[in-house]
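Subject: Structure for you to look at

Hello,

Here is the structure I said I would pass on. Please open it first, then read the notes below.

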Amino acid sequence: CDNCEKNWRCKSLESFKNCYKILCADCKLCNRTFKIRPIKNNNDDIIIYQSKLELKFINWCNSNNIIVKNGPNIDYVFNDKTRKYRVDFKINNILIEIKDFHIWHKNQVESGLWKAKEDAVDNYIKEKSAGKYFFITPNNWNQMLIELKNLIDN
């Protein structure tokens with residue numbers, strides 16, 4: 001995949017003959033709506049981001065010599081359907097979600113989908129003995145980055 005660099009198989013190359021990028025099924029689905037993009041961290045690992053705020057966070061990590069990685073995919077159940085929630089980033093054992101204020105997130109909060117995702121993250125942290133979960137928005141940006149930096153430095 002030109003986006004996530006994951007190896008995958010396709011049935012035929014015919015469907016990709018006029019494509020600018022060859023994307024796996026996951027990236028192709030997301031890229032139609034959310035425009036996921038790759039960038040490299042300090043270790044030259046590919047990091048996936050979707051918004052300018054996420055890019056700003058990656059650049060902040062790179063400038064502070066913090067190694068940021070793609071977050072894990074966490075299974076959760078909503079409306080009797082098992083789904084996957086991809087946490088944006090991971091630093092050591094700290095999970096980080098970055099959200100701007102757009103209508104998709106507001107709709108998820110109203111429908112209860114966001115609560116299901118948060119519960120799944122809480123369970124993941126308990127099961128994996130992960131450190132902490134940071135939810136960063138433009139309103140709490142400076143405060144959360146200070147807390148995150150202090151946690152990483154200690």
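Two residues are in contact when heavy atoms of theirs lie within 4.5 Å. Keep in mind that this is a predicted model.

First, the whole chain. It has five helices and eight strands, and from the N terminus on the elements run α-β-β-α-β-β-β-β-β-α-α-β-α. Of its 154 residues, 38% count as buried. Among the contacts with a separation of 6 or more, 45% join residues 24 or more positions apart. The chain exposes about 10000 Å², and carbon and sulfur atoms supply 47% of that area.

Next, a pair of helices. Two packed helices are described by the angle between their axes and the distance between the axes. For helix 3 (residues 103-111) and helix 4 (residues 113-128), the axes come within 4 Å and cross at roughly 85°. Angles of 65 to 115 degrees count as roughly perpendicular, so helix 3 and helix 4 are roughly perpendicular to each other.

Which residues of the two helices meet? From helix 3 they are His105, Gln108, Val109 and Ser111, and from helix 4 they are Leu113, Trp114 and Lys117. By class, this contact of helix 3 with helix 4 has three nonpolar, three polar and one charged residues.

Asp122 and Lys132 are ten residues apart in sequence, and their C-alpha atoms are 9.0 Å apart in space.

Regards

Technical notes
Residues numbered from 1 in each chain as written. Predicted model: local features only at pLDDT ≥ 70, side-chain atom pairs only at ≥ 80, totals over all residues. Heavy atoms only, no water. Axes fitted to C-alpha atoms, helices over the stretch in contact; angles between N-to-C directions. Parallel < 35°, antiparallel > 145°, perpendicular 65-115°, else oblique. Nonpolar A, V, L, I, M, F, W, Y, C, P; charged D, E, K, R; others polar. Buried < 20%, exposed > 50% of the residue type's maximum accessible area, 1.4 Å probe, protein only. Areas by Shrake-Rupley, 256 points an atom, 1.4 Å probe, with all protein chains shown as cover.
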